[in-house]
Amino acid sequence: MTLQPLPTDFVLSHVSLTWREILWGYDHGWINCKGLTELATRRLTTNDPTPPAEVELAGLVVGESSRARALAEELASQERPLSDEVIKMKWLYLILRWLFENRERAADPFALVDELYTAFDYPDEIAPFVRYMPPEDDYAPSKHSKTENYDRMLQHWRDYLIAAEKKFGPSLA
């Protein structure tokens, strides 16, 4: 199972993204050119007046990905700066949510969580469902079955997603 890129409809239906955030996702392979053009297309109906770069980006075809990135960068430069850490955590939420909702398709979803933990610089928020991290409480995995341990980690994952959804909110795009 590959995680990259995430489906555009999934991304745009779960959070509201600024151009800076979508550009970060594009640069890191989490969304493709279709994601850039789709966001621009959706914004055509909500932005008044619509920036010319957004109109041009909405009209691009798949083969024009280098132009799409330049236009997205132009739009991002017009927004207020955001910290990379905030952007990374929003994308981590999106990735983990997509993985959680599609975990049956993965041979070992927690192996992918372990990889994301490393790739995103070991965020404390997801440590409770990283397999090689020790429990933060008195829970002793060796005294429980494999199924009980799996269910417990799955519940920590659910808890993270609930908290992160409150933080990042539903999509406005």
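**Legends to the overall and close-up views**

**Figure 1. The chain in overview.** From the N terminus on, the elements of the chain run α-α-α-α-α-α-α-α. The model shown here is a predicted one. The chain contains eight helices and zero strands. Its C-alpha trace spans about 60 × 30 × 25 Å along the principal axes. The chain has 173 residues, and 43% of them count as buried.

**Figure 2. The largest nonpolar core.** This core is made up of 56 residues. Within it, the residues with the most contacts are W19, L57, W91, L96 and W157. At least two residues of the core come from each of α1 (8-14), α2 (19-27), α3 (33-44), α4 (52-58), α5 (65-77), α6 (84-101), α7 and α8. The helix that gives the most is α6, with eleven residues.

**Figure 3. Aromatic pairs around Y117.** The structure holds ten aromatic pairs. In one of them, the ring centres of Y117 and Y122 are 5.2 Å apart and the ring planes stand at 85°, so this pair is classed as edge-to-face. Y117 counts as buried because its relative accessibility is 4%, a value under the 20% cut-off. Y122 has a relative accessible area of 44% and is therefore partly exposed. The ring of Y117 also pairs with that of Y132: the centres are 6.0 Å apart and the planes are at 65°, so this pair too is edge-to-face. Y117 belongs to helix α7 (residues 109-119), whereas Y132 belongs to the loop between α7 and α8 (146-168), so the pair ties together parts that are 15 residues apart in sequence. Y132 is partly exposed, at a relative accessible area of 46%.

Figure 4. F100, F110, F129, Y150, W157 and Y160 are linked into a cluster by ring pairs. W157 is also among the residues with the most contacts inside the largest nonpolar core. F100, a member of the cluster, has R103 over its face, at 4.1 Å from the ring centre.

**Figure 5. The largest pocket and R152.** The volume of the largest pocket is about 220 Å³. Its lining consists of 15 residues, and those nearest the pocket centre are P128, M133, P135, R152 and M153. Sorted by class, the lining comprises nine nonpolar, two polar and four charged residues. R152, one of the residues nearest the centre of the pocket, has its charged end over the ring of Y139, at 3.8 Å from the centre of that ring.

Figure 6. Two residues of the loop between α7 and α8 are shown here, D121 and Y122. D121 is not a glycine, yet its phi is positive, at about 65°. With a relative accessible area of 52%, D121 counts as exposed, because the cut-off for that class is over 50%. Y122 is likewise not a glycine and has a positive phi, of about 60°. The relative accessible area of Y122 is 44%, so Y122 falls in the partly exposed class. Y122 is also the partner of Y117 in the edge-to-face pair with ring planes at 85°.

**Figure 7. The cis peptide bond before P5.** The peptide bond that runs from Q4 to P5 is cis, and its omega is near -15°. P5 lies in the segment before α1.

**Figure 8. L60 and A40.** L60 is placed in the loop between α4 and α5. The relative accessible area of L60 is 12%, so L60 is buried. Between L60 and A40 there are 10.0 Å in space, C-alpha to C-alpha, and the two residues are 20 residues apart in sequence.

Conventions
Residues are numbered from 1 along each chain as its sequence is written. This is a predicted model: local features need pLDDT of at least 70, side-chain atom pairs count only at pLDDT 80 or more; totals for chains, interfaces and linings use all residues. Side-chain values use heavy atoms; hydrogens and water are left out. On a 1 Å grid over the protein atoms alone, a cavity is a set of points where a 1.4 Å probe fits but cannot get out, and a pocket is an open set with protein on both sides within 12 Å along at least five of seven lines; lining residues have an atom within 4 Å of a point. Grid points are joined across faces, edges and corners, and a volume is the space filled by probe spheres set on the points. Ala, Val, Leu, Ile, Met, Phe, Trp, Tyr, Cys and Pro count as nonpolar, Asp, Glu, Lys and Arg as charged, and the others, Gly among them, as polar. Rings of Phe, Tyr and Trp (its six-membered ring) pair if their centres lie within 6.5 Å; planes under 30 degrees apart count as stacked, over 60 as edge-to-face and the rest as tilted. Buried means under 20% relative accessible area, exposed over 50%, partly exposed in between (1.4 Å probe, protein chains only). Helices (H or I, at least four residues) and strands (E, at least two) are DSSP runs, numbered from the N terminus. A charge sits over a ring if NZ of Lys or CZ of Arg is within 6 Å of the ring centre and within 35 degrees of the ring normal. A nonpolar core is a set of buried Ala, Val, Leu, Ile, Met, Phe, Trp, Tyr and Cys residues joined through side-chain atoms within 4.5 Å.
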